[in-house]
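Have a look at the model, then read on.

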Amino acid sequence: MNIVVLVKQVPDSGSERGLAGDNTVERQSANNVINEMDEYAIEEALRIQAAEGGEVTILTMGPERAAESIRKALSMGPDKAVHVIDDALHGSCALSTSKVLAAALGTLNPDLVIAGAESTDGRVQVMPHMIAERLGIAALTGARKLTVDGGTLTIERQTEEGYEVVTAATPAVVSVWDTINEPRYPSFKGIMAAKKKPVQTLALADLGIEAGEVGFAGASSEVVEHAKRPPRQGGQKVADDGNGGAALVEFLSSEKFV
Amino acid sequence: MDFSLSDEEKAVRETARTFIRKEVMPLEQEVLRRERAHEPGLRLDELRELQGKARAFGFWGLATPEEYGGMDLPAVMQSLIWTEIGRSWVPFRFGGEADNILFFANEEQKAEFLVPTIEGERISCFAITEPGAGSDAANIRMTARRDGDDWVLDGEKTFITNGNDADFAIVVAVSDRDQDVRAGGSTAFLVDRSMGWRSEFIPTMGEGGPASLVFDSVRVPGRNVLGEVGQGFALGMQWIGKGRYIIPSHAVGVAERALRMAIEHANTRETFGKTLSTNQAIQWMIADSETELEAARWLILRAAWTVDQGTDARHASSMAKLYGARMVNDVVDRVLQIHGGMGYTRELPIERWYRQMRLLRIFEGTDEMQRLIISRDLLRGYTEIGGHLA
């Protein structure tokens with residue numbers, strides 16, 4: 001089975017993050033890591049490869065620094081990677097990002113595309129759906145379990161109440177949550193081997209996309225303003241003068257907690 | 001000049017860091033709780049389980065040759081990993097290691113001692129120090145007397161790390177009184193505990209403690225000589241010299257973690273209506289700590305790099321050990337001062353570091369022995385001022 005895993009480099013959610021002067025995510029000075037959910041996608045792909053055979057390819061769109069995350073991803077075990085890199089991509093919205101990724105996937109002809117259900121920077125959660133739509137294939141999103149049976153994919157889609165079983169034929173896009181598996185650590189041998197694995201770089205011209213269709217020029221949405229989240233407000237203290245219980249109930253019901 | 005790490009070095013360090021964060025650090029509070037109750041912070045079975053988890057992705061035997069299943073890492077990578085380990089006070093280390101001098105064993109001995117030690121099935125200890133012979137190791141008095149094909153060992157060893165748990169000891173004893181201990185007069189033996197030596201726990205200011213080993217006419221078969229008869233002291237010096245860049249590498253991790261705690265405390269704790277961090281006295285302690293920490297880091301990495309170049313690393317390693325051990329004691333002292341009374345309690349790991357790190361200035365070559373080596377090299381003209389850049 002030919003599997004492609006979408007991997008995005010994001011600023012480490014554990015450190016200070018911010019937006020640059022042009023209201024895009026600050027990537028230059030940030031401590032960048034693989035989007036955490038993508039590690040689960042890689043793990044799932046490697047498990048399927050171990051059972052079904054085939055090849056696992058990492059696909060990343062991002063600036064030069066994203067190459068670090070590609071190496072990290074490869075050190076977990078995938079066979080090769082494709083890095084879409086082009087200055088004109090800066091400022092791309094979700095729609096144009098999906099156009100680029102779909103075009104790159106077109107060159108790879110995958111049976112299965114696996115992605116993390118969201119990235120910790122943008123958190124829009126739409127990329128798997130958009131890509132599937134552009135490629136005209138099924139989108140199985142929000143999986144907490146994935147089984148492969150020949151050309152049939154079945155997922156358990158995690159919902160707030162429980163899960164739904166959804167089935168589709170390959171090729172398809174599957175997005176996964178962090179409940180699906182426990183990602184492996186890159187092995188020592190994997191780290192040493194990652195350097196030798198092929199990483200193909202593609203520019204927009206290689207994908208037949210004009211610079212004006214993507215980046216700031218082609219963006220369908222734009223961040224015009226941003227502000228820090230306001231500091232948390234101090235809570236309301238209720239002194240218990242014998243009617244503490246009643247006051248508590250009153251507070252909870254006024255806030256519609258009960 | 002390029003001070004950056006290679007992609008592989010970064011990746012190996014990242015994996016070690018993630019493992020320590022996910023698997024080891026969650027045990028930290030439990031380690032403190034147990035130690036407050038005078039129990040071992042981490043039981044051997046727990047250590048082995050963690051080591052097994054790391055082995056599953058190939059982190060096993062940092063210094064062990066590949067033919068024994070190890071990683072055989074360059075010294076710089078080992079140094080980086082030990083710094084990561086040092087960031088947690090959980091007494092964890094990766095498995096698959098054995099005393100470097102066990103590799104001098106013959107094939108039968110390797111099967112009996114080396115391989116099971118690497119696999120964690122046996123525990124070794126190395127015994128050269130005696131009540132009357134520490135830094136002056138050539139003063140050892142333990143005797144090894146030939147009796148037919150056997151040797152009979154009599155005497156006492158002390159401050160032996162792992163001596164309480166070991167099931168065999170690598171013991172250096174005087175095998176020929178007529179020769180200098182350093183040149184042919186001493187021999188190293190592989191001695192099973194079942195051959196009759198006994199150990200006694202020595203309480204120390206640190207957690208856990210070494211042992212004294214008593215040998216009372218312990219009979220050792222001739223086949224248990226490690227290396228050659230007469231080679232004991234030379235092997236002993238190899239054993240001692242090996243860890244000199246590892247110990248301060250670990251200390252750098254300790255200092256990093258402790259300093260981070262101090263910075264966070266200084267930024268949050270308020271006294272007299274402002275945070276501690278606004279006081280110049282605190283700022284200077286933080287500045288000095290970071291400066292010394294970085295100075296130590298680069299001395300240590302240079303020593304490790306020297307090892308990797310295959311050149312004589314003794315001088316560089318001595319400076320790294322001397323300065324790294326001193327640095328971590330000074331940094332922890334300041335971090336304790338910044339934390340005030342809280343730093344003195346056993347709720348935080350700081351007082352623990354304060355006690356544990358003191359050992360670093362004493363064992364595996366005291367500060368004074370390192371200074372002796374460093375100055376002797378210079379005074380006798382063995383080493384140029386400026387090291388490899390001279």
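Which residues does A:T141 touch, leaving aside those up to four places away in sequence?

1. Bear in mind that this is a predicted model. As for the question, A:T141 touches A:P128, A:H129, A:I155, A:R157 and A:S175, with residues up to four places away in sequence left out of the list.

2. To find A:T141, go to strand 7 of chain A, which covers residues 138-149. A:T141 counts as buried because its relative accessible area is 11%, and the cut-off for buried is under 20%. If you're also looking at A:P78, that residue is 63 residues from A:T141 in sequence, and the two C-alpha atoms are 22 Å apart in space.

3. Now over to chain B, which has 13 helices and 10 strands. Its radius of gyration is 22 Å, close to the 21 Å given by the globule rule for 390 residues, so chain B is as compact as a globular protein of that length. Along the principal axes, the C-alpha atoms of chain B fill a box of roughly 80 × 50 × 40 Å.

4. The accessible surface of chain B is about 18,400 Å², and carbon and sulfur atoms account for 52% of that.

5. On contacts, take the pairs in chain B that are at least 6 apart in sequence: 71% of these contacts join residues at least 24 apart.

Definitions and conventions. Residues numbered from 1 in each chain as written. Chains lettered and ligands numbered in written order. Predicted model: local features only at pLDDT ≥ 70, side-chain atom pairs only at ≥ 80, totals over all residues. Heavy atoms only, no water. Helix = DSSP H or I, 4+ residues; strand = E, 2+ residues; numbered from the N terminus. Rg over C-alpha atoms; globule rule 2.2 N^0.38 Å. Contact = heavy atoms within 4.5 Å. Areas by Shrake-Rupley, 256 points an atom, 1.4 Å probe, with all protein chains shown as cover. Buried < 20%, exposed > 50% of the residue type's maximum accessible area, 1.4 Å probe, protein only.
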